[in-house]
Every structure is written in C-alpha cells, then in structure tokens.
Amino acid sequence: MLNYAKRFSTFCFLDDHQYQLPHHSLEFILAAGVRRSVQGRPGASLDTLRSFLQEKQSWAFGHLAYDLKNELECLESGHPDPIGFPLLFFFEPEVLIRYRKGRLEIEAQDSQQVFDDIRWLSAELELRQDRKSTRLNSSHANISYAVFCL
C-alpha cells in the first residue's frame with residue numbers, strides 16, 4: 001500500500017499491527033491525495049477545523065501540533081520549529097482504502113483504476129522479490145561472492 005501511496009504528496013496510513021481488540025474492525029486504512037484541506041490559523045485553529053468538518057460530512061485525516069496547546073491554555077513555547085508544520089492540518093482524501101477480514105474496500109473517483117494500479121505494483125514487487133541470490137563461498141576465509149539473477 002505504501003508503494004501505491006508514495007505517488008501522492010499527502011497521505012495517511014494507519015495500521016492496526018494486528019492488535020486484537022473487541023470492537024476492532026480495520027486491519028489498515030489508507031487516505032491518499034487531497035480533495036480539500038484546512039490549515040490552522042494562529043488564534044483560530046480550532047474554529048477553522050470545526051468549520052471544515054461541518055462543511056461536508058466526509059473522512060478527515062490530519063494532525064494537531066503540540067503548540068496548539070497555546071491556544072487552549074495560557075501557555076507559551078519558545079522552542080524553535082525547524083519543520084514548520086501548521087498548528088493543525090486536515091484533509092479529505094481523494095482515495096480511501098480500507099482492509100478488513102480479507103476484503104479491500106476502495107473509495108475513489110475511479111476505484112477500478114486504483115485497484116488495477118495496486119495489483120500492478122504488487123505484481124512488480126513480487127517479481128523483484130522472486131529474483132534469486134546465491135552466495136558462493138570461496139576457499140579463502142575472508143572472501144565471499146554474491147550472484148544476483150536479474
């Protein structure tokens with residue numbers, strides 16, 4: 001899935017790591033591409049997010065930065081921010097892929113094309129993994145050879 005997702009500049013991949021929880025239903029979910037997004041504005045980040053979420057009922061994935069606490073409490077951080085992420089960023093994905101109980105569910109404008117792309121990438125990866133490598137040992141203790149069949 002990550003090989004498919006890397007074609008997008010924005011994506012979120014959530015994996016359950018096979019934890020067995022009572023109300024657990026998804027093994028993984030992938031949200032990729034940006035149909036619409038919102039970034040927090042200093043002093044109004046949560047109001048901006050609330051408006052974004054109320055505008056359209058849909059999936060939203062994103063992050064809340066640690067310094068958002070400064071808008072909620074009378075706190076201040078003086079630490080440098082070398083990454084420069086906004087206080088919050090959320091997006092509605094163009095492609096949503098869910099996997100549960102051996103079933104892949106794709107929500108996209110062209111879900112068949114997404115499925116075909118994933119199958120093609122999977123076949124390409126299997127082809128790469130099927131390539132054999134053989135290690136030949138020489139009669140010298142400190143010399144070894146590797147032969148890769150491409």
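Two strands count as paired if DSSP finds at least two bridges between them, and with this criterion Val-38 stands opposite Phe-90 in β5. The views below are all taken from a predicted model.

**View 1. The three-stranded open sheet, with strand order β3-β5-β4 and antiparallel pairing.** Strand β3 (36-39) and strand β4 (61-64) stand at the edges, each with a single partner strand, so one side of each is left without a neighbour in the sheet. From one strand to the next, the twist averages 5 degrees. Strands of a sheet pair through backbone hydrogen bonds, either parallel or antiparallel. Here β3 and β5 are joined in the antiparallel sense by four bridges, and Val-38 of this pairing faces Phe-90 in β5. Four bridges likewise join β4 to β5, which run antiparallel, with Leu-64 standing opposite Leu-88 in β5.

**View 2. The two faces of strand β3, along which the side chains alternate.** In a regular strand the side chains alternate between the two faces of the sheet.

View 3. With a relative accessible area of 3%, Phe-91 is buried, because buried means under 20%. Leaving out residues up to four places away in sequence, Phe-91 touches residues that include Thr-10, Phe-11, Cys-12, Ala-31, Arg-36, Ser-37 and Phe-52. The C-alpha atoms of Phe-91 and Cys-12 are separated by 9.7 Å, although the two residues are 79 residues apart along the chain. Phe-91 also forms one aromatic cluster with Trp-59, Phe-61 and Phe-89.

**View 4. The aromatic pair of Phe-28 and Tyr-99.** A pair of aromatic rings is described by the distance of the centres and the angle of the planes. A search of the whole structure finds six aromatic pairs, and the one formed by Phe-28 and Tyr-99 is stacked, at 5.4 Å centre to centre and with 10 degrees between the planes. This pair links distant parts of the chain, since Phe-28 lies in strand β2 (residues 28-32) and Tyr-99 in strand β6 (residues 95-100), 71 residues apart. Phe-28 counts as buried at 12% relative accessibility, while Tyr-99 is partly exposed, with a relative accessible area of 23%.

**View 5. The largest nonpolar core, which has twelve residues.** In soluble globular proteins, nonpolar side chains tend to be buried together. Among the members of this core are Tyr-4, Ala-5, Phe-28, Leu-30, Val-95, Ile-97, Ile-118 and Leu-121. The elements that give two or more residues to the core are α1 (2-5), β2, β6 and α4 (111-130). Leaving aside neighbours within four places in sequence, Leu-30 is in contact with residues including Met-1, Tyr-4, Ala-5, Phe-11, Val-95 and Ile-97. A second, separate core of seven residues includes Ile-29, Ala-31, Phe-89 and Phe-91.

**View 6. Lys-101 in the loop between β6 and β7 (103-107).** Most residues other than glycine have a negative phi. Phi of Lys-101, by contrast, is near 50 degrees, a positive value in a residue other than glycine. Lys-101 is exposed, with a relative accessible area of 81%.

Methods: Residues numbered from 1 in each chain as written. Predicted model: local features only at pLDDT ≥ 70, side-chain atom pairs only at ≥ 80, totals over all residues. Heavy atoms only, no water. Buried < 20%, exposed > 50% of the residue type's maximum accessible area, 1.4 Å probe, protein only. Contact = heavy atoms within 4.5 Å. Phe/Tyr/Trp six-rings, centres within 6.5 Å; stacked < 30°, edge-to-face > 60°. Axes fitted to C-alpha atoms, helices over the stretch in contact; angles between N-to-C directions. Core = buried A, V, L, I, M, F, W, Y, C linked by side-chain atoms within 4.5 Å.
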